[in-house]
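I opened the model to look up its sheet and the helices around it. My notes follow.

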Amino acid sequence: MDVQDIDFEELYRGTTPMGRKMPWDIGAPQPAVVALADAGEFTGEVLDIGCGLGDNSAFLASRGLHVTGLDGAPSAIEQARTRTEDVTFAVADATKLEGYEGRFDTVLDSALYHCLGEDERHRYLAALTRATRPGARLHLFAFSPEVPDAFPAPYLISEANLRETVGKDWTIEKLEPTVYTTSMTAEELKQSIRTILDADPAGLDRLDTDDDGRVLVPVWQLTAVRR
C-alpha cells in the first residue's frame, strides 16, 4: 500500500470502505505500551504523537502522568476527547510540532513513524528533538520487514533506517523485534484485504494471534534517549 493513498481523516470519519474498524484501534492501550508503563518507562511530561483515538494517552494518564496527545487528523482528536478528559488533545503536524519546544520528557510513537515518507521521517525526528528536553526518552513502534506483503502497511522500516534517522540526535538503548496487536482476527483481516484492497491475502497465515484471536504484526520496538 502506498502511503499516499491513505487519508487518515477519512478513515477516522468512517467514510472509507474500511468503515470504522481500523486495524490499529483495539479500544484499549497496546499491550506493549502497558508493559513499558509497568516498567516505569514513562516519566514527566509525556507526548503521545500520532495518538489516534487516544487509548494509549488515556491509559498513561490513568497512571498519574500528564499526557499530551497530538494527531494530524481532526476527527481523531475530536473522538479522543470523548474518551477521556484527562489528556490534553490537539491537532498538530508531527513534522513541525510548532509551539511545543523543549516541553516533553517522554515520547510515545505507537505506529506513526512507518506512516511517514523518508523526508518526512527526518523532519519528524528533528521536530521531536526540538519538542523534548535533553535526556528525554523515546519509545517507538514501527512495522518491520517481517510483515507479509499482503498486510496493508504504509512502509516497512529497516533496522538501518532507524539507526540512521533516530540515531542522529538520540542514543538508541534498545532496538528489538516484538509484535503489535491489531483489532482484527485473521479471517477479518483476510476478508478486508480481499474486498477492500482486491488483493490476495496469501502469506498472512504466518502471523500469530493473541488469546482473543487478534492478529499480531511484527514491529520494531525502539527506546532512545535524547542527547
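I started with the sheet: seven strands, open, in the order 3-2-1-4-5-7-6, with mixed pairing. Strands (E, at least two residues) and helices (H or I, at least four) are DSSP runs numbered from the N terminus. Two strands pair if DSSP finds at least two bridges between them.

I checked the edges next. Strand 3 (88-91) and strand 6 (170-185) each have a single partner strand, so one side of each has no neighbour in the sheet. Neighbouring strands are turned by 20° against each other on average, direction ignored.

The model is predicted: local features need pLDDT of at least 70, side-chain atom pairs need 80 or more, and totals for chains, interfaces and linings use all residues. Residues count from 1 along each chain as its sequence is written, and side-chain values use heavy atoms, without hydrogens or water.

I then looked at strand 1 (residues 45-49). Four bridges join it to strand 4 (residues 104-110), and the two run parallel. L47 stands opposite V107 in strand 4.

Helix 5 (residues 118-131) packs on the sheet, and strand 5 (132-143) is among the strands it touches. Contact means heavy atoms within 4.5 Å. The direction of helix 5 makes about 145° with that of strand 5. Axes are lines fitted to C-alpha atoms, for helices over the stretch in contact; angles run from 0 to 180 degrees between N-to-C directions.

Last, I noted helix 7 (residues 186-195). Helix 7 lies across strand 6 and strand 7, at about 85° to strand 6.
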